[in-house]
Amino acid sequence: MIRYSAAWVIPIAEPPIRNGWVAVDRGRVVALGRRSPPDSGKDGFADHDLGRVALLPGLVNAHTHLELSYLRGEIAPASDFVTWIRRVMAARRLRPDPNAREVVHSVEQAIDETIRCGTALVGDISNTLVTFAPLAISPLAAVVFYELIRFNPSDAERLVEAACRQLEGLVPTERVRVSLAAHAPHSVAPLVFRAIRRAVDRDPFAPCSVHLSESAEEVEFIKTAGGPWRALLDELGVWDPSFVPPGGTPVQYLDDNGFLDGRVLAVHGVHMSAADLARLAARGTTLVACPRSNGHTGAGAPPLEDFYASGVRVAIGTDSLASAPDLNVFAELATMRALAPSIPASALLDSATRQGARALGFESEYGSIEPGKRARLLAVAVPPAIGDVEEYLVSGIEPEQLRWIES
Ligand SMILES: [Zn+2]
């Protein structure tokens, strides 16, 4: 039983505590408060002063693709999204074996980097499931989303059931779970969306994920079935002539198909309208912002201030190393701060912790410092003369400034 004291405790569930403490027993938080109680050291807790640090819960990277880590620095930035996707497809074709030693090694390195950057929990998108085994033996908690991409399936139901069989072959650990994801409205058939939804609904707690309203080209495709996405589907030989353009926005389309609810992580949202955001807020869907990736892929800058003003739940992801320079959620926070100066730092920190944990179904374990939750705690060194510690934490924290608290 240890009681850590720190210059600041950032519980997330309540405002920062100046000169705070957190008591930990067998890896769980048992209590927290301001200044050590007077019977300090006599109540069975060993006191440990961490000094001039901010103690906060491990961060949550709600959207990444660890299996693409071998593409780090290999895909040049693009001025439009479909050009960027073509570059990724070409690079992936060069390494067709997902289990190649190089691919697995880059996943292991990415997991190490994720932990060094202060992340405790990830939402990991995988087309190959190669990330499950390395995650299962790592200290990270994760939901591995088996992501399906199919625009012209002969049998949507059978496709999804086959994916479920594969997931059943993986044994979830205490920290690593699996679920399904759909890639995006322009790459997944309506019947596949419905089949994924039905399969996910069999587990009342399973989250689900989809890239949504990421690019202007996606919005155009859903409205008209034309544009650069249509050209790419034609070129790949996967266009389905029976597809009728839904005509509205991508958010309307998925909602009309019953796909959106409180267990869905909708990723990106760069091109969502105010009505789209209101709809997501009403459904309880979590919107995952990945602004550095959006800049790199040519998708554009997400309207972050609109996100927060709409009342939608916002979480944060780095996306993959194909489109982000690193897996540091603190760096993503700094970009969000630069793009959206009016959002309170406390709201950004909430997005980087509690919102991601809730969306991934891990809110009873991660995302805040509260009695009963795992004591997966992070100490960030804070220089003297910092007035607003929350503002400091969203200014760009490097791995060298933080360490995990052993408990
Ligand atoms: Zn993604």
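This is a predicted model: local features need pLDDT of at least 70, side-chain atom pairs count only at pLDDT 80 or more; totals for chains, interfaces and linings use all residues.
Residues are numbered from 1 along each chain as its sequence is written, and side-chain values use heavy atoms, with hydrogens and water left out.

I will start with the metal. The zinc ion is coordinated by the NE2 atoms of His63, His65 and His211, at 2.0 to 2.2 Å, where donors are N, O and S atoms within 2.8 Å of the metal (3.2 Å for Na, K and Ca), and since water is not among the atoms, sites may look incomplete. Along the sequence these donor residues follow the spacing H-x1-H-x145-H. His63 lies in strand S6 (residues 59-64) and His211 in strand S10 (residues 208-212), so this pair ties together parts that are 148 residues apart in sequence; helices (H or I, at least four residues) and strands (E, at least two) are DSSP runs, numbered from the N terminus. Both His63 and His211 are buried, a word that stands for under 20% relative accessible area, against over 50% for exposed and in between for partly exposed, with a 1.4 Å probe and protein chains only.

Next comes Arg292, which is found in helix H10 (residues 291-297) and is buried, with a relative accessible area of 13%. Its side chain makes a polar contact with the side chain of Asp326 at 3.0 Å, and a second one, of 2.7 Å, joins the side chains of Arg292 and Glu332; such a contact is a pair of N or O atoms within 3.5 Å, where within protein one must be able to donate a hydrogen and the other to accept it, and residues adjacent in sequence count only if both atoms are side-chain atoms.

Ala359, in helix H13 (residues 345-359), counts as buried at 5% relative accessibility. Leaving aside neighbours within four places in sequence, Ala359 is in contact (heavy atoms within 4.5 Å) with Pro207, Leu265 and Thr286. The C-alpha atoms of Ala359 and Pro207 are separated by 6.9 Å, although the two residues are 152 residues apart along the chain.
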